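Please open the model in your viewer and keep the selection tool at hand.

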Amino acid sequence: MHNDSAYRSVSEQMHNRFERRKIWRRTVACFYVVSLIAYLSWRYTIIDDDSLIISYAYYIAEVIGFILGLTTILTSWRYRHRKSLPAPEGLSVDVLVPVYQEPIQVIRRTLLAAKAIQYPHNTFVLDDGKSPEVKRLADELGIHYLSRPANHSAKAGNLNFGLEHSEAEFFMVLDADHIAMPNALDKMLGFFAEPNVALVQTPQDYYNVDAFQYMNAQDGRALWHDQSFFYNIAQSCRDSANGASCVGTGVVYRRDAIDKVGGIPTTTVTEDIHTSLKLHKAGYETVYLNESVAYGIAAADLDEYHKTRFRWAIGNLHCLRHENILFCKGLTFKQRISYLSLGLIYLEGWQQLLLFAIPLISLVFGMPPFEISIFNIGVVLLFPWISYLLLQEIGCGYTRFWTNEIFSMARWPIHIMASIGLLGWRTRWISSSKNIKGQLNWRLMTPQIVVICLSAIALIIAFYRLSQDFQTGPLFTLLVAIATLSFSDHIAIDIFQPMGQGYTADLVLIAGFWALYNIARALVFIRKAYKDAKQTHSFYRFKIPMICQFLESHIFSEVEQISENWMSVYSSQTIEPGSVKAVNLYGSSGVISLKFEVARCCKIQHQQYLVSGALLFESQQQVDLLAQDIYSVDWHREIIQRNAYFAMASDKLLGLFSKEKQAKPFHYSVLFDGQEHGVVVNGQKLVTYKTLSPGQKLSIMKIEKQDVSVLELMVSETLTSPNASLKGLNNQTFFLYEVSTQESKAKAVQKIQEVTLESMRTETLV
């Protein structure tokens, strides 16, 4: 993970990374293509004539890998950075939220946020679940409720039904779990000043970053999920060729354009990509703004992952076939390539199947996948690793090797089944449950368990057959010499000498290592699925800067994790489990007074405890007030994750020779002035909801875990940020400042606890 310069928007950070070493990246891309062509040409010369089927199968798998690498290059060649444009006044906009049997609390969060979007609009909930609870919720919130008589054509049909009751020039679509930020429409509507723009799409982002589809940095800062490359790089690069596709949520459409292409398409289960494809064929433009305006629920477990990825895969393939992507009229060459790349990625499933089967066949039947010599082995085994390093550079760090190996293990059965879509087979709409708490479904891990079992059986067979007729080869001889340091003039090893036919130690070494690698991948995948399902909860537990005050003792402490119904907080003293404490929570929404029922009190170290338990609310209004804080994802992303990314090999190599100081380890402290709280990052950047001026000095309470001290802070300058006008769900704007800090040792902790909140002062230097 690497720290970029502070407080730039996601799109600006990505654009800067592209531009910083653009010539280097494109040189690497060209080298990748040339070297892969040379490698594949050479590889064809070592096809084993005695095992043609398995040799050609392996060669086909490598060709597929080359094709997948080309799609990475083509979708990461030229990044288009867009800045949000001012939204014109007076546009008529409707926000449509299609729902279908999602948990009512999830829908509540989405509808509250949708209604609170600042730009004037009407909000509609389109209920295909025909739920009395949703109807009552809509009435409570003053939102238009629509429910159609019959659920034809799933989400697409539901949206078309909603459009029959809408007269707005533009309409926004939010999935039932996607909590929109207040400035969502303000960021997107400005692009429609260009009359040919038919839709504006933003990334599909998520707040439950412990979900199955995530594999983040160990410190939790750099976030990565299996769609990170698509949303952070591919979509913006496709946008440079007017080829960005719709993803179905966080999108605004021009109503007139949708009407001219016949409404939202209903012939596939991926109405989103189908809509953008029809708009592109009709000559319209699409815009991709790489700035998240809403946050939803990521696939929490393998079951949800399978549902969504299978629907996307079969829907995308069916869409491309239905629209005749290779020969249809209306698309430019670059647009055709952009859409074709969305179909080619599903070749990965067949490639993985071949890579699982080949070592098994080699071990059981003694058939080499290519003409084996020490030289050939070295090149064939080394080249994939070099390819991944090159693709890591091309993909700006998002094409991560090991994470991709784990997720390809998860995806391959889905991609193979979805390939039936090429034959025109359709599937029914499979709705995601939008549950935060994951469940473990062993049945869905059957393909991976089969890989483990068959690989283990093949290894046992191989070792048994080898024990009956042990034959060595040049590779085995070389490894023994290295292991025993017994090189001598009497040992002559020809690295170009082909391995003998039949069962040899060399064949078992190569195929056995391959099979063990597949077993390791499958085991890591199963462990991840198990661990991720077990660590989730009914409501996502945010690790965000908040302050808790125990009213009984007047002690202030830092909140470790918090959700809609649960909290863990640091304490300097033990608290009896089962006790109920009155507490104040301080966040961007102000003070929330509620009860805290202690379930556990764990000692961390001397005079440091972690207390956890349930939050008890007196009203739904209190719950909503807390939710405004914790689901305002933008403000804690700005603090913790916004400027973190995964380093490329070139970053690490250049870092060894750089004279620049290494970036400080990330650290933040929570500040409190008695009314409002803020966060200081690495002692240099202040994030707060309070307006300050350069030269202003503050003497303010700093809270780290259970420790309290006084921090002397002076504002150096106001930082210009693309998110300077960003508001939380409570409509409070946060500001960014560069500061200098000095921790005061004059007051002991005991004295600080006695200081009244009114004595916290703010002064201005003259």
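The stops below go from the whole chain to its sheets, its loops and its aromatic rings.

**Stop 1: the whole chain**

Begin with the entire chain displayed as a cartoon, and bear in mind that this is a predicted model. The protein chain contains 22 helices and 25 strands. Its radius of gyration is 29 Å, close to the 27 Å that the globule rule gives for 766 residues, so the chain is as compact as a globular protein of that length.

How many of the 766 residues count as buried? The share is 57%. Among the contacts in the protein chain with a separation of 6 or more, 77% are between residues 24 or more positions apart.

**Stop 2: the open sheet**

Next, select the strands β4, β3, β2, β5, β9, β7 and β10. In that order, these seven strands form an open sheet with mixed pairing. Which strands stand at the edges? They are β4 (144-146) and β10 (285-288); each has a single partner strand, so one side of each is left without a neighbour in the sheet. On average, neighbouring strands of this sheet are turned by 20° against each other, direction ignored.

Helix α4 (residues 104-115) lies across β2 and β3 (122-127), and runs at about 175° to β2. Helix α8 lies across β7 (197-201) and β10, and runs at about 150° to β10.

Is Q101 buried or exposed? Q101 is exposed, with a relative accessible area of 61%.

**Stop 3: the barrel**

Select β12, β13, β14, β17, β16 and β15. These six strands close into a barrel in that order, and the pairing is antiparallel. From one strand to the next, the twist averages 45°.

For a detailed view, display β14 (residues 566-571) together with β17 (residues 608-616). Six bridges join these strands, which run antiparallel. Which residue is the bridge partner of M567 in β17? The partner is G613.

The loop between β16 and β17 holds Q607. Although Q607 is not a glycine, it has a positive phi of about 55°. Its relative accessibility is 49%, and Q607 counts as partly exposed.

**Stop 4: aromatic pairs**

Now show the side chains of the aromatic residues. The count comes to 31 aromatic pairs. Select Y39 and F383 to see one of them: this pair is stacked, with 4.3 Å centre to centre and 5° between the planes. Y39 belongs to helix α2 (residues 22-44) and F383 to helix α14 (residues 374-394), so that the pair links distant parts of the chain, 344 residues apart. Both Y39 and F383 are buried.

For a contrasting geometry, select F212 and F525. Their rings form an edge-to-face pair, 6.2 Å centre to centre, with 85° between the planes. What does this pair tie together? F212 lies in the loop between β8 (205-206) and α8 (228-239), while F525 lies in helix α18 (residues 505-535), so the pair ties together parts that are 313 residues apart in sequence. F212 and F525 are both buried.

**Stop 5: charges over rings**

Finally, select R25 with F18. The charged end of R25 sits over the ring of F18, at 4.1 Å from the ring centre. Then select R238 with Y339. Here the charged end of R238 sits over the ring of Y339, at 5.5 Å from its centre.

Key
Residues numbered from 1 in each chain as written. Predicted model: local features only at pLDDT ≥ 70, side-chain atom pairs only at ≥ 80, totals over all residues. Heavy atoms only, no water. Phe/Tyr/Trp six-rings, centres within 6.5 Å; stacked < 30°, edge-to-face > 60°. Helix = DSSP H or I, 4+ residues; strand = E, 2+ residues; numbered from the N terminus. Buried < 20%, exposed > 50% of the residue type's maximum accessible area, 1.4 Å probe, protein only. Lys NZ or Arg CZ within 6 Å of the ring centre and 35° of its normal. Pairing = 2+ DSSP bridges. Axes fitted to C-alpha atoms, helices over the stretch in contact; angles between N-to-C directions. Contact = heavy atoms within 4.5 Å. Rg over C-alpha atoms; globule rule 2.2 N^0.38 Å.
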